[in-house]
Amino acid sequence: MGFFTKALVRILSLTPASDRHSSQQPLPLSGITIEPEKGSPGFTCQYPSLKGWKSCNGPQSRDCWLKDSASKQPLFSQYDIHTDYESVFPQGIHREYWLNVTDKAKVLNGSYPGPLIEACWGDDITVHVTNYVKTNGSTIHWHGLRQFHTNEADGVNGVTQCPIAFGDTFDYNFKALQYGHTWYHSHYSLQYPDGVAGPLLIHGPSSANWDEAWDPILISDWSHRSAFQDFYVELGNVTSGVLGREPTMQSIVLNGTGNYICDPSTDRNCLPPKERKPIFSKVFEKGKRYLLRLVNSSTESAFVFTIDNHVLEVISTDLVPIHPFKTESIPFGIGQRYAVIVEAKPSAPVQKDGNYWIRTIVSDNCGNISQNNPEMGVIRYNARSTALPTSTNHTALSTVCADEPPENLVPVVPWPVDHQAVNDVLNDTFEAEVSRNETHGAFRWDLTDTPLWLNFSNPTILNLGNTTWNPEYAIIGENYDRGYVYLVITSELIRKDPTKGFTPAAHPIHLHGHDFVILAQSTGNYSVADTPKTFNFNNPPRRDVALLPAQPSGYLAIGFKADNPGVWLVHCHIAWHASSGLAMQILERQNDILPTIPSLDPTRKTCQGWDAWLASHISTFNQDDSGV
C-alpha cells in the first residue's frame, strides 16, 4: 500500500493560540464552567450568566445539557435534547480562531483535513480567515450553520461576499444556535476538493447515551490531480457536441488517510515505504459505547458506511437530533452528516485477532473511483495489533444510491408543518438538467432557465436595492414573513424545454441558511396535481442536504420557514455540478435583510481588496465556472 502526494493542495492551518489570543475567554467569575467529555485537551464550555446552574450531561444522561440547581424555576429550568434550539439556547462565550489558507504540496494526511474548530452550544464564534494563495481568492462556508441574522458570514463569493484576495483577511462572526458536528469548506470555485475543508464541532446534548466520542471524520473521494484540471472533463465540448462525463477519482480517504495501492519505483507521486502512513484505525474497549461523527466531504461520491460485525445506532442527521434507530449500515451523500453510536460488542463470527474493517462503499452509480476499495479503516480490540482484518461484510447490505428511508429519520424536536405553502409551488418547481450553453462554451447543469454564473466582484448582498436581476444570478424571490416556503426540484423535464437534455443523476441538494423538512422524495414522476396529497406533514425528516433521486426520474419536495432574511444558495453538492451552474439563490424577505444583519462595511472592504488584486491579474484570471 502506498500514498500519493498531490500538487496544488490548499492547506488550512490555525495560527497557534500562543501566537495570537486564546480561543476562549478567561474563566467566568460566576456562572458555570464544564468540561465536555472527550473535548479537546483543556477545552471547556462556559456560561457566565447561568449562575446556580450545573452540567447534567454524563454517560447515562447525554440527553441533558444544563440544569438550574438553584432557583428551581417552574417554567424553564433545563437545556436538553427537547429544547427548541432555533429559539432557545444557553448564552455561552466568545471564541476566536485564526484560519490561514495557503498553497503547499503535502502528503494526503499531512494537512488535510483542516484543523478542528470547536465550540459549545450558544457560543459566539469569530474566525479570522487570511488568504495566502497567490493565484486564487478564497472564502469559507460554515456548512449547515443557520447563520440566523448573519447572512454576511455565510461565506459564498458572488452571493454574500467577494473572494478574499491574497494577503487579505475576512472576519466571520456567527452564533452556534445548533449543536452537533459539521464541516467548513471553501466556496470559491473548486477549492474544497483540493483540500480547503475541515471539521467543526459544537458540543451539546445527544439523543442516546455514549461513553467515548471521536472527533469528526471527514470521508472523501480523492483525486491525484487538481480539481481545477478535472473540471474540464465534466464540461464536455460544445463545438463537437460531446457531453461531459464524471471525472475519475483515484481513491477514498478518512481524515486524509487512504489505502491506495501504488509502486514508488514506477510512480514518482507514490511515497516510499518509510514515509507511508498507517491505515486509519481506532481502538475499542469491550462493552463501551462510542460516538462516531461522520461527514461526507466528497467531490462527487455518495457512500454507504458500515463496520463489520457491529451495529450502528443513528442519533442525528446533519445538525438535527433524531430518535435513535439501529442499522447495519448508513447511506450518506455529499455534505450530509450522521452521528452514530457503536457498542463495542461484535457479533458472530467474532474475529480472534479483534480486528474489523471499517467500510466506506461507493453507492451504485454515485461515484467514479478507479481504486474502489471500501476497506478504509480498522477497529481494533487490541491496541498493539497492526494486522489487517479478515472480517467479512454484512450479508444484507444495500448499496443503492438513496437517502435513509424517511420513517427512520424522526426529529426529536418536532415541527408543526403547514399543510399549505405561502408561495406558488408550481412557479417554484425547478429542473436539474443539462443544457448547451453557448455563452460560457460548455454543456452546463442548471436549475432555472440558465446556469448560475456569478460576478465575484458584485455579490448579491451588496445589491439588495435591486428590483431586477441578471438572469445568470438565478435569483428566486421569496418575500413572506410567515409560514413555509415549498420548493420542488425534479430530475425530469417538466417544462419540456427543447434546449435541455435529460441526464439521469442523483443530486445531493443543499440549502444554506435553513434546515428544511423533506415533504416528499421519490423516484417516480412528479405531478403537480398530487401536491400536496403525497406530502408528509407529520414531523417529517429535517436536514440541510437531501438527495434528489434519479432512476431515471425523481423529485424532491422540501419546505423551509420564512424566518431568516438573507440571500441563500441552493445547490447540488457534487462539486462539478455546482461549478457547472446547478444552483440558484433564494432571496428571502429582501427588505428585511439589511435591518437584521451587521454592517456590510467589512464586506465592501473585502471587495475593494479583491478588485485591486483582480486588476493586477486581469491578463491571467479566467473564470470558467459558476463561482461556487
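Predicted model: local features only at pLDDT ≥ 70, side-chain atom pairs only at ≥ 80, totals over all residues.
In what order do the five strands of the open sheet with mixed pairing come? Residues are numbered from 1 along each chain as its sequence is written, and side-chain values use heavy atoms, with hydrogens and water left out.

**View 1. An open sheet of five strands.** The order is S32-S41-S40-S35-S38, and the pairing is mixed. Strands here are DSSP runs of E with at least two residues, numbered from the N terminus, and two of them pair if DSSP finds at least two bridges between them. At the edges lie S32 (475-478) and S38 (545-548), each pairing on one side only. From one strand to the next, the twist averages 25°, with axes taken as lines fitted to C-alpha atoms and angles running from 0 to 180 degrees between N-to-C directions.

**View 2. The pairing of S35 with S40.** Residues 507-511 (S35) and 566-572 (S40) run antiparallel and share three bridges. Look for Leu 511, whose bridge partner in S40 is Val 570.

**View 3. Ile 219 in the largest nonpolar core.** Such a core is a set of buried Ala, Val, Leu, Ile, Met, Phe, Trp, Tyr and Cys residues joined through side-chain atoms within 4.5 Å; buried means under 20% relative accessible area with a 1.4 Å probe, protein chains only. This core has 92 residues, and Ile 219, Leu 292, Phe 305 and Met 584 touch the most other members. Beyond four places in sequence, Ile 219 touches residues including Ile 252, Leu 294, Phe 303 and Phe 332, where contact means heavy atoms within 4.5 Å. A second, separate core of 41 residues includes Cys 45 and Val 196.

**View 4. Phe 325 and its surroundings.** Phe 325 sits in strand S24 (residues 320-327) and is buried, with a relative accessible area of 11%. Setting aside neighbours within four places in sequence, its contacts include Leu 312, Val 314, Ile 330 and Leu 409. The C-alpha atoms of Phe 325 and Val 410 are separated by 9.4 Å, although these residues are 85 residues apart along the chain.

Definitions and conventions: Buried < 20%, exposed > 50% of the residue type's maximum accessible area, 1.4 Å probe, protein only. Helix = DSSP H or I, 4+ residues; strand = E, 2+ residues; numbered from the N terminus.
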